[in-house]
Amino acid sequence: MSWGSLDEFLAMGGYATYVWGSYIVSAVVLAMEVVLLKRRHRTLRAGAGRSSQQTDNLA
Amino acid sequence: MALNWFKYSSPQTFYPLAGRLIPVFAVLAAVLGAVGLYIGFFVAPTDFQQGEAYRIIFIHVPAAWMSMFIYLVMAAWAALGLILNTRLSSMMATALAPTGAVMTFLALWTGSLWGKPMWGTWWAWDARMTSELILLFLYIGFMALQASIDDPRRADKAGAILALVGAVNVPIIYFSVKWWNTLHQGASISVGRSPSMASTMLLGMLVMALAYWMYSIAATLMRVRSIILERERNAQWVRDLAGAPA
């Protein structure tokens with residue numbers, strides 16, 4: 001292991017901005033995709049069976 | 001063969017199957033991701049040239065690989081939908097595009113953050129980066145084109161043509177570091193040559209690539225389920241889902 005302490009780990013040898021900037025954005029983007037996918041499916045399931053004919057007439 | 005593959009080409013039978021598969025791939029993604037990050041941060045040594053900045057590799061290369069691989073899979077499903085006229089194939093292509101775009105964006109983002117400390121620039125118009133940016137535009141173009149056409153079957157066909165034409169870009173991205181003089185380094189691993197990195201670094205990268213792969217499958221299956229519900233909303237079986245547990 002390359003780290004003596006938590007501070008050393010977080011400092012990433014002086015590259016903290018670049019390393020954590022990559023990891024945090026990747027984690028947030030992927031988590032956001034999952035949240036949006038779950039929400040989309042939940043909404044569709046809630047609407048399933050509810051007079052879908054009506055939405056067709058409106059379109 | 002008793003197994004009938006065409007049975008699963010019907011959206012109605014694939015919908016519950018996908019629902020059962022999602023947790024499997026989600027768990028695989030989480031476990032592989034945890035193991036990969038552990039190897040990446042606590043087992044893999046500091047790079048003698050790049051210091052700790054190289055640790056971006058554990059998410060940069062997997063995202064870049066998936067961005068290209070997803071495009072090829074998307075084009076293959078689109079082609080299958082175009083040739084066989086199977087609805088589910090086209091839905092798979094549509095479902096893959098946003099995740100492919102996400103992977104492309106992440107490859108560009110992490111690459112930019114890696115390029116700044118190593119090359120002194122966030123961006124360069126060299127072959128590797130430019131062709132990867134074109135890949136992002138292809139994904140966005142595919143989604144925009146499909147969204148602009150009201151009739152789903154026509155949207156499928158138009159999207160398939162775009163996906164197939166755009167597929168030539170993938171080998172250009174992959175071989176760009178060989179064909180042109182680029183700022184980007186050569187392939188980290190390639191067939192017939194031993195990898196140019198420490199074995200624990202390579203292991204971390206491969207485990208993370210598998211995690212990204214499993215994630216992409218889970219996300220695509222989640223999206224294809226929504227697409228099935230949208231397109232089949234007037235089918236009796238979708239109406240019968242009302243009240244049933246999701």
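**Around helix α7 of chain B**

Let's start with a single side chain: B:M208 is buried, at 4% relative accessibility. By buried I mean under 20% relative accessible area, with exposed meaning over 50% and partly exposed in between, using a 1.4 Å probe and protein chains only. Before I go on, a word on the source: this is a predicted model, where local features need pLDDT of at least 70 and side-chain atom pairs count only at pLDDT 80 or more, while totals for chains, interfaces and linings use all residues. Residues are numbered from 1 along each chain as its sequence is written, chains are lettered from A and ligands numbered from 1 in the order in which they are written, and side-chain values use heavy atoms, with hydrogens and water left out.

So where does B:M208 sit? It is in helix α7 of chain B; helices here are DSSP runs of H or I with at least four residues, strands are runs of E with at least two, and both are numbered from the N terminus. Between B:M208 and B:P62 there are 6.4 Å in space, C-alpha to C-alpha, although the two are 146 residues apart in sequence.

Now the helix as a whole. α7(B) has 33 residues and spans 47 Å from its first C-alpha to its last, close to the 48 Å expected at 1.5 Å a residue; that expected span is 1.5 Å times one less than the number of residues. Because 24 of its 33 residues are buried, α7(B) is largely enclosed by the rest of the structure.

What encloses it? Two packed helices are described by the angle between their axes and the distance between the axes. The axes are lines fitted to C-alpha atoms, for helices over the stretch in contact, and the angles run from 0 to 180 degrees between N-to-C directions.

Take α1 of chain B, residues 11-43, whose axis is 7 Å from that of α7(B), residues 199-231, at an angle of about 155°. That makes the two roughly antiparallel; the cut-offs are over 145 degrees for that label, under 35 for roughly parallel, 65 to 115 for roughly perpendicular, and oblique for the rest. The contact residues divide into 30 nonpolar, five polar and one charged. Nonpolar here is Ala, Val, Leu, Ile, Met, Phe, Trp, Tyr, Cys and Pro, charged is Asp, Glu, Lys and Arg, and the others, Gly among them, are polar.

Next is α3 of chain B, residues 87-119: its axis comes within 8 Å of that of α7(B), and they cross at roughly 130°. That makes α3(B) oblique to α7(B).

A:E33 lies in α2 of chain A, residues 16-47, and is buried at 7% relative accessible area. Its side chain makes a polar contact of 2.7 Å with that of B:R223. The other pair is B:D156 and B:R231, whose side chains are joined by a polar contact of 3.0 Å. B:D156 belongs to helix α5 of chain B, residues 152-166, and counts as buried at 7% relative accessibility.

How values were computed: Polar contact = N/O pair within 3.5 Å; in protein donor to acceptor, adjacent residues only side chain to side chain.
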